[in-house]
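I opened this notebook page to record what I looked up in the structure shown below. The entries follow the order in which I consulted it.

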Amino acid sequence: MKSAMFRFSYSKIMVAAALLVLLSLPLYTGSYLMHVVIIILFFGYLGACWNIAAGYAGQISLGHAIFFGAGAYTSTVLFLKAGVSPWIGMWLGGVSGMLLGLFVGYLTFRYGLKGHYFILATMAFGALTKVIALNLDAIGAAQGLIIPFKASFVNFQFTGKTPYYYYILFMVIGIVLVCTAVERSRFGQILMAIREDEDAAESLGVNTFMYKLLAMVLSSFVTGLVGAFYSFYIGYIHPDTLFTPFLSIQITLIPITGGLGSVFGPIVGSFILSPISEITRGFLGKFSGLHLMVWGVVIMLIVILIPKGIIVEIQERLRPKPKTGEDQSL
Amino acid sequence: MMKRADASLLSVRDLTMEFRGLKALSRLDMNVMSGKVNGLIGPNGAGKTTLFNVISGFLKPQEGRILFEDRNLAGLRPHEICRLGIVRTFQIVKVFPELSVLKNVMIGSFNRHKNNKQSQEVSEKVLEMVGLAGKKNRLASSLTLSGRKRLELARALATEPALLLLDETMAGLNPTEGEEMLSVIHEINRSGVTIFMIEHMMNIMMSVCEHIVVLNYGEKIAEGNPGEISKDRRVIEAYLGEEFTVA
C-alpha cells in the first residue's frame, strides 16, 4: 500500500522537485559527489529491477548479481572481440540476463521451489556462475577484462562523469516508469496476488507458473540491461566483483530498506544505504570492508525502527505463504 | 435456464487418491447434480477436503476420472480447471491480506475479464451480493473472519463459475453470520451456479442440500437426497457408532 501514497498530489510534487534537483545536479557539483550520486542511482536501479520479481511477485532472488554480470560480460566481450558498440551491447546484455533469468526461473518454478528453497536455489546459481566465469578463458577467467579507454560516444566512453550521470538517471526514470506501469496493470496485480497467496491465485485461474516466470524474465532483462553501463563506467570487470554474493545481497537490502513492492522504495533505499558505502570507502579506504560494518548498524536500526522489521517483512510479506498443512489434511 | 431434473454436472468415476499407501479416496463414484445445492459430509478424516483438492486440481489422483462437461479434469492444473468453470474456497481462508477487498475480487474476475475497468464493474457487483460493497477499499487483512469468508466467496464468484466448491464456509461463524452466509449461498445458487459444499453441521446440511454424498474412510457410503441419507443404516453407523444401531 506504500505505493498508493505516491498517487497523492503532494507526492507528485516531491517527485517533480527531486527530478528537478537530479536533472540540474551536474551544474553545481564536483566530480566526486557526482560519482556518489551515480553509484546511488545505479544501485537504486538494480534494486528496482530486483523488486519486480521479489517485491511484487514475492520471488526473493539472492542471485540477481548473475543477471547483471551476464549483461556486463556480454556487452564487454562483444565490444572487445567484435567491436560491437555498447549502445547495442546493452540490449544484448539485457537479453543474456533474461535468458539466464528464464533458465533459473524455469528450473526453480518447474520443480515448485518456494520460499526458502527458492532463495537457496538462486544463491546456488549465483555461486555456480561465479565459478564458471572464473574458469572460462574466453571471458578473461580470473584475470577479468579491461576495456581500453578510447573516448567516443559510440564506445560509451567519456572523459567527464556528466554523460554517465545522465545515462543512469534516464535508466532510473525508465525503470520507475516500468514499475509504475507494472503496478497499475493487470499483470502487476496478479503478481501481487501470487506474492500474497500463490495457491489462492492459482485457484482463481491464474497460471502462477507462467506469471512467476514472466516476472523473472522482466526482472532479469532490466537487470542485465545496466551491465554495460557498469563495464564502461568502471572500465574493468572481474567475476569477483560482478558475481559476488555480496552484490546480490546489496541489491536485496536496498529495496528492503526503502520499501518492498513500491515504485520508489528501491531508489529511496539506495539514497540511504549507498552513500554510506561510498563515503566510508572514500574516507576510510585503508580499512577495506568498513562500509559493511556501517551498513550493519544502519540495517539494525531499520530493523528496530521499522515496526515489522526486515526479517518479518521478508517472512510475512514477501515469501509466498507456506502451504498450510490443514488443506492437505483430510 | 432450464435443466433436466437430475442431470449431473460433474461425475467422479473410480477415483483413487493415495498418500504413500494411505488411501484417502478409494474407488470413489459420485455425482454433483446440476443447478442444485449439493453437500459432502462425513466424519473427520473421511476424505472430504481431499476430494475437493482433487476436483480443483491441487492433487493429482492415481486413478479415476472426473468428468465435467464431457472433459476429464484429472491431471489438469488448478488454473485450467478454474478456466473451465470450477472454483473452490479454502477450509482455512486464503485471502490476499495486503491487497484491498476490491483488488482481491478483481483477481478472481480477471479469469473472464481482461480489462481493468470491466473487471472492476463485475467485482463491485459481486461485492454487493455478499454484502462487502462498503468495505471495498479496506485491506483484506483488516476484515473479521466472517468478512474474510465472504470475501473468499466473492472472489470465487467473480471467476464466473458453473460449479462452486465451498469448503466449510460456515465453520467458525456465529449463528447470525451463518444465517447470512446461507442466504448468500442460496442467492448464488438461484443465479444458476451449482453448489457443492462441505459442512459439519448435519442439521444445516439436511435442510439446505438437495443432494448429499457421504464419505467414510475414503469410501462413499451413501448418496441421495436428505431423506434417503438420514435413513441410511451405514450413515447412522458412521456418525453414531456401530453399537448404537446394533442395539
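**Strand 8 of chain B**

I began with strand 8 (residues 194-198) of chain B and found five of its five residues buried, where buried means that 20 or more other C-beta atoms, placed from the backbone, lie within 10 Å of the residue's own. Strands here are DSSP runs of E with at least two residues, helices are runs of H or I with at least four, and both are numbered from the N terminus. The model is predicted: local features need pLDDT of at least 70, side-chain atom pairs count only at pLDDT 80 or more, and totals for chains, interfaces and linings use all residues. Residues are numbered from 1 along each chain as its sequence is written, while chains are lettered from A and ligands numbered from 1 in the order in which they are written.

I next checked the two faces of the strand. In a regular strand, side chains alternate between the faces of the sheet. Thr194(B), Phe196(B) and Ile198(B) lie on one side, Ile195(B) and Met197(B) on the other, and all are buried.

**Neighbours of the strand**

I then looked up its pairing, which requires at least two DSSP bridges between two strands. Strand 3 (residues 37-41) of chain B pairs with strand 8 of chain B in the parallel sense over four bridges, and Leu40(B) stands opposite Ile198(B). Strand 7 (residues 163-167) of chain B also runs parallel to strand 8 of chain B, joined by five bridges; Leu164(B) has Ile195(B) as its bridge partner.

**Chain A**

Lastly, I noted that chain A has 17 helices and two strands. Of its 330 residues, 46% are buried.

Methods:
A residue is buried if 20 or more other C-beta atoms lie within 10 Å of its own, exposed if 12 or fewer, and partly exposed in between; C-beta atoms are placed from the backbone.
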